[in-house]
Amino acid sequence: MCCVLGKHSPRKYSDEPVKKPYRKLVVDEMPIIKTLEKLDYKKLIADQLKATGKLITPVKRRKPSTVPETITCPGCNAPHDYLYDNTGGRGQYLCKVCECTFN
């Protein structure tokens, strides 16, 4: 019986604190903030047509649009016709022209 309980017997804890050194405080570097360059969606569509021979067409929606007509892409200023509702009505949009995601 002693052999079986020997492994699982209650341990004796000492009242002395454990002396482990703390990790040194490390501060992250400041993030790099880039300013977005303003693009023109008409120029991007023309460049895509020259490069691949395919025209970027407006989004063909199967259901009524949940993208408000007042929203434009902050990257290329494309109108709502070129914007996808990226999260199903939860406020994130994707531009078909410059592939920019935004809220």
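Cysteine 98 is partly exposed in this predicted model, with a relative accessible area of 23%. Cysteine 98 takes part in no disulfide, and a search of the whole structure finds zero of them. The nearest cysteine sulfur to that of cysteine 98 belongs to cysteine 73, 3.5 Å away. Cysteine 76 is buried, at 0% relative accessibility.

Cysteine 95 also has a place in the sheet, where it is the bridge partner, in β2, of leucine 83. β2 covers residues 93-95 and runs antiparallel to β1, with three bridges joining the two strands. The sheet is open and has three strands, in the order β1-β2-β3, with antiparallel pairing. β1 (83-85) and β3 (101-102) stand at the edges; each has a single partner strand, so one side of each lacks a neighbour in the sheet.

The search for salt bridges across the whole structure finds one. The salt bridge links aspartate 47 with lysine 43, and their closest N and O atoms are 3.2 Å apart. Both residues belong to helix α2 (residues 41-52), where they are four residues apart, a separation of about one helical turn.

The table lists accessibility for residues named above.

| Residue | Relative accessibility | Class |
|---|---|---|
| Cysteine 76 | 0% | buried |
| Cysteine 98 | 23% | partly exposed |
| Aspartate 47 | 32% | partly exposed |
| Lysine 43 | 52% | exposed |

Notes:
Residues are numbered from 1 along each chain as its sequence is written. This is a predicted model: local features need pLDDT of at least 70, side-chain atom pairs count only at pLDDT 80 or more; totals for chains, interfaces and linings use all residues. Side-chain values use heavy atoms; hydrogens and water are left out. A disulfide is a pair of cysteine sulfur atoms within 2.5 Å. Buried means under 20% relative accessible area, exposed over 50%, partly exposed in between (1.4 Å probe, protein chains only). Two strands pair if DSSP finds at least two bridges between them. A salt bridge is a side-chain nitrogen of Lys or Arg within 4 Å of a carboxyl oxygen of Asp or Glu.
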